[in-house]
Each structure stands twice: as structure tokens, then as C-alpha cells.
Amino acid sequence: MNQNPVIQAIQARRSIRGYESRQISPEERQALIEAALAAPTGGNRQAWFFAVCQNKALLDEISLEVKNSILKKPSAKVGEDYSVHFHAPTVVFIAAPAEDKVRGALLDAGIAAENIVIAAQGLGLGNILLGMPREAFNSARGAEFEKRLGFPEGYEFKVAVAVGYGSVTKEKTQAGPNKYAVIE
Ligand SMILES: Cc1cc2nc3c(=O)[nH]c(=O)nc-3n(C[C@H](O)[C@H](O)[C@H](O)COP(=O)(O)O)c2cc1C
């Protein structure tokens, strides 16, 4: 196995779906923020915003809204203990302008998200990328959540990263066949 610590963090990463309640440290939180801000953006536009939420009440409200939206779908099943962020104590909500306003903003948001993920992995923290919170932002309470998270005017939810001390482990996902070619 490659001994390079960055390669090792990339290879060790898993989507962790269970967390301890203890919070990450302020230093760890700051390292995640700086990792996000170090991400490249097309034309250096930096058209992103990172709402680093450690407010459990707000996280629970967002999660409940997602749960309610899932339950509206026929045959939907969600457990009593459902948490869209798997009870992680820190969730970074990444917002950016709509794609028809800033083309490439979604890609920039995704790149920053992966920076946060790999930084968290490097710090030994569990993490998972989340698209499902979108349901809460698309709900009747979406504008309220955007405001409480401080999204700039015209910015919308793109993706989130949940971070904390993982309470579960996960097997490595295997890449499918025919996913790359080497052309010499
Ligand atoms: C853009 C994106 C959104 C995702 N959203 C969710 C989500 O809302 N909930 C979830 O449980 N997993 C989510 N995942 C995690 C994927 O399910 C996971 O990456 C995939 O199953 C591979 O597993 P691994 O990350 O452990 O390798 C998301 C991943 C990506 C890249």
C-alpha cells in the first residue's frame, strides 16, 4: 500500500453512517474550514459559502423536515431514530448560486466538499457527503433554513458534509469495472 498520507486518507475514506455525540474540537473545525477555503474554483470565483452548523436543535429541525418529506412518498420507510446526517455533531452545508447564474458553481462546491472530506479523514474523523438535506431546503421551511444558516442572497443548498467521531465502521466500496482507460 502506498505510504503517502494523502493517498492513505483517500483510500481509507468511507461514508460513515453513525456518530458519537461528542463534538469535534475548535481546532479540527477550523482545519475543515481552511481545507474548504483552499479548494480551487473556476476562474478563482469562490462562489461558495460554508455554513458550519454545530447547533443540534437546528440540525434536528432540518433532519425532521427531510424525514417528513420522505414520508410523503408512497411506501416510504424511515426509522423512529432517522437522522439525515446520522446524528453527526457537525454538518457543513455548502451553498452556491444556481447553475444558470454561475456555471460551474456546483462543481466548485463538490470539489470543496471533497476537500472537507479528505481533511476530516486525515484528522481521523468520520465523515459523509450528503445530498439528502436538499429535501429540507426544497420544503416550505427552506427559506427559513437558508436564513438561519446565513446563506448569502441568491445562494442555494448544493451538498453537505457531516463530520464527527464515527461510531460504526464500513467496508471499502469497490469500484465497478471499465471505469478508466490508460492511453499511452
Ligand atoms: C454527492 C453525494 C451525495 C450523497 N448523499 C448521500 C446522502 O444523502 N445520504 C447517504 O447516506 N449517503 C450519501 N452519499 C454517500 C454515497 O452513498 C456513498 O459515497 C457511496 O455509497 C459509496 O460509499 P463510500 O462513500 O463508503 O465509498 C452521497 C455521496 C455523494 C458523492
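I started with the largest nonpolar core, which has 43 residues. Such a core is a set of buried Ala, Val, Leu, Ile, Met, Phe, Trp, Tyr and Cys residues joined through C-beta atoms within 7 Å; buried stands for 20 or more other C-beta atoms within 10 Å of a residue's own, with C-beta atoms placed from the backbone. Val92, Phe93, Ile94, Ile116, Ala160 and Ala162 have the most contacts inside this core. I noted that at least two core residues come from each of several elements, including β1 (49-53), β2 (90-97) and β4 (155-164). Its largest share, eight residues, is supplied by α4. Helices (H or I, at least four residues) and strands (E, at least two) are DSSP runs, numbered from the N terminus.

A note on the model: it is predicted, local features need pLDDT of at least 70, side-chain atom pairs count only at pLDDT 80 or more, and totals for chains, interfaces and linings use all residues. Residues are numbered from 1 along each chain as its sequence is written.

Next I looked up Val92. Beyond its neighbours within four places in sequence, Val92 is in contact (C-beta atoms, placed from the backbone, within 7 Å) with Leu32, Ala36, Phe50, Val52, Ile116, Ala160 and Val161.

Then I turned to two helices. Ala31, Leu32, Ala35 and Ala36 in α2 meet Ala112, Asn115, Ile116, Ala119 and Ala120 in α4.

Last, I checked the ligand. Which residues are around the ligand? I found Arg14, Ser15, Arg17, Ile128, Leu129, Leu130, Gly131, Met132, Val159, Lys170 and Thr173 there, where the cut-off is a C-beta atom, placed from the backbone, within 6 Å of the molecule. Strand β3 (residues 126-130) gives the largest share of this shell, three residues.

How values were computed:
A residue is buried if 20 or more other C-beta atoms lie within 10 Å of its own, exposed if 12 or fewer, and partly exposed in between; C-beta atoms are placed from the backbone.
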